[in-house]
2 protein chains.
Amino acid sequence: MIRISIDAMGGDHGPSVIIPGIQKVIERRPDARFLLFGHEDAVAPVLDRHPRVKAVSEFVHCEIAVRMDDKPSQALRHGRWKSSMWRAIEAVKKDEADVCVSAGNTGALMAMSKFCLRTMASIERPAIAAIWPTMRGESVVLDVGATIGADAHQLIDFSILGAAMARALFQLDRPTVGLLNVGVEEIKGQEDVREAGRMLREANLETMNYHGFVEGDDIGKGSVDVVVTEGFSGNIALKSAEGTAKQLAEYLRSAMSRTIMARIGYIFARDAFARLREKMDVRKINGGIFLGLNGIVVKSHGGTDDEGFAAAVELGYDMVRNRLIDKIKADFDRFHAGRAAGNRAPEAADREQI
Amino acid sequence: MIRISIDAMGGDHGPSVIIPGIQKVIERRPDARFLLFGHEDAVAPVLDRHPRVKAVSEFVHCEIAVRMDDKPSQALRHGRWKSSMWRAIEAVKKDEADVCVSAGNTGALMAMSKFCLRTMASIERPAIAAIWPTMRGESVVLDVGATIGADAHQLIDFSILGAAMARALFQLDRPTVGLLNVGVEEIKGQEDVREAGRMLREANLETMNYHGFVEGDDIGKGSVDVVVTEGFSGNIALKSAEGTAKQLAEYLRSAMSRTIMARIGYIFARDAFARLREKMDVRKINGGIFLGLNGIVVKSHGGTDDEGFAAAVELGYDMVRNRLIDKIKADFDRFHAGRAAGNRAPEAADREQI
């Protein structure tokens, strides 16, 4: 049994999308159980229409809902201790749930998650990881928005977190990890990125296979299982790719509806287009995972539909099932034990060419 | 007449792509004249097969060609004064050409361009601008790789350069300019980006309409005519979008060839797909423009074909035709005159909420 706490008020559509989303989850993950937090006026009527969800859920009334446009500071001021978002996160802290899922606003959710769950002792700052569909399957990309700028040590934290997530999700023993960088020879990357590269190569961790630098177009190629960067460029990479995907979908739609011949062609190729749409479906990759906290919190897109919300919940479910937090803790212990034991050779780093 | 100097040895394919590319340019821009720099053993035979190109070109033999994998320092050491790349750039400096085009390696080309042409007196560092196809047409995005990190003053330089380029290319009076940022509320962007935003809003330049912050997905939407960022995130945005475009083209190809029905559909919709391919054609957006030097240098993709190289040359041609350098100089003069006249009110900036 996996216990999932849900902020039923989060997102643009609230319970009217979230409850049907949960309905889809229980069809596919029958041992999932839910703790739903929200205002009873909003949640109870929808829950009554979904008796199967009701049967596997416990509902907790909360007076306050964090708004999508609340600033993190506002959300903390008004919503701490009592909002549906806070209570859903707190359920993880109290070990009443294994993972929390919310479609509420990212800034508020991160601020509350940090405040409530606290950052793991071994790392400096949490990160938001995304699952990125690639030509080879899927990759983990982090950080996509929790930080702005990251020094070499933080990039190494992110590498360890991302590798643990790839192991939990993709069932890999030793996922490949790349540091996102730029290709202009003259100025090959930020000093922090170079330094992190040297340290990762030198550390030669058994939990990951450090691949070296990757560029923006390597993400879609699936050149590595885990792409590591600080949150500013990670966020811009993610949104820029999303924008391009939408743009091309629009081109395709417009090209296929413009002439009679194209429309006839579309009818013949309908199944192919359906498969393509599925591949390009951003709902399926919905969900950013907060890594580095003492508990797992999954952020679903605010504007998603029931299928998208279900995907985010299932992501959380799968990570609990595959013991993500245990993996992360063990990996950091191993990393720090290795450093303490002094199997680093600083002079080797100086000689190394990256 | 527009005079264009060409590094005929640049790119993965050298003269065998470059000369046919020029052939295409003269069909569409009959008043273009060329100064070709390269090794005669490589260039002369191809030129003999293209008499129309030969008729509008002057050829200059150069012993040395910069290699695609030369580091900028190597290229400067071996190729200064005498390589085809150097001589092509130098032709602009000597006013023997109006613009230089090379498909050679970016780092070497930028290093040589800076060394030979020098950065404009009024700005600190040059930038590489890209033309990005959007749902609304095209936008200028800079910097996509010349810098790593940029302070507020450099971001303003980039804004003025980009706006001048948008005016020269898109025939706009007052292009809209946005600063690339991230949307997470809590940590809204880097301090330098916020500071540049305050300064741009306050300066209220007549050469641009400052729109505010934009996010990664706004680029493809065409929310603004000019997107400004430092080179690390700009390069990652560009490559990440390119990667996504390739990935989706591959999905499409595979979906349309998988079943008989899809293949029949493809035959009917052939024209639509041809138009789509044209829209997704990266060759057409080929070419990064070096801005902020005393002269225009256009960098074509190294792996491009003749059509792609022609597009890069035509970009250079159009910018000369529309007096890009004059526009840039006038804009900086106006900007600095405005600042000197003291029509800035620093205390207003402190009050302003962005």
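Predicted model: local features only at pLDDT ≥ 70, side-chain atom pairs only at ≥ 80, totals over all residues.
Residues are numbered from 1 along each chain as its sequence is written, chains are lettered from A and ligands numbered from 1 in the order in which they are written, and side-chain values use heavy atoms, with hydrogens and water left out.

Trainee: What is omega for the cis peptide bond that joins Leu142(A) and Asp143(A)?

Mentor: Asp143(A) belongs to the loop between β6 (137-142) and α7 (152-170) of chain A. Here helices (H or I, at least four residues) and strands (E, at least two) are DSSP runs, numbered from the N terminus. The bond from Leu142(A) to Asp143(A) is cis, and its omega is about 0 degrees.

Trainee: Which residue does a cis peptide bond join to Leu142(B)?

Mentor: The bond in question has an omega of about -5 degrees.

Trainee: Is Gln171(B) buried or exposed?

Mentor: Gln171(B) lies in the loop between α7 and β7 (176-180) of chain B, and has a positive phi of about 55 degrees although it is not a glycine. Buried means under 20% relative accessible area, exposed over 50%, and partly exposed in between (1.4 Å probe, protein chains only). Because its relative accessibility is 54%, Gln171(B) counts as exposed.

Trainee: What is the relative accessible area of Arg323(B)?

Mentor: Arg323(B) occupies the loop between α13 (306-321) and α14 (324-340) of chain B. Its phi is near 55 degrees, a positive value in a residue other than glycine. Arg323(B) is exposed, and its relative accessible area is 53%.
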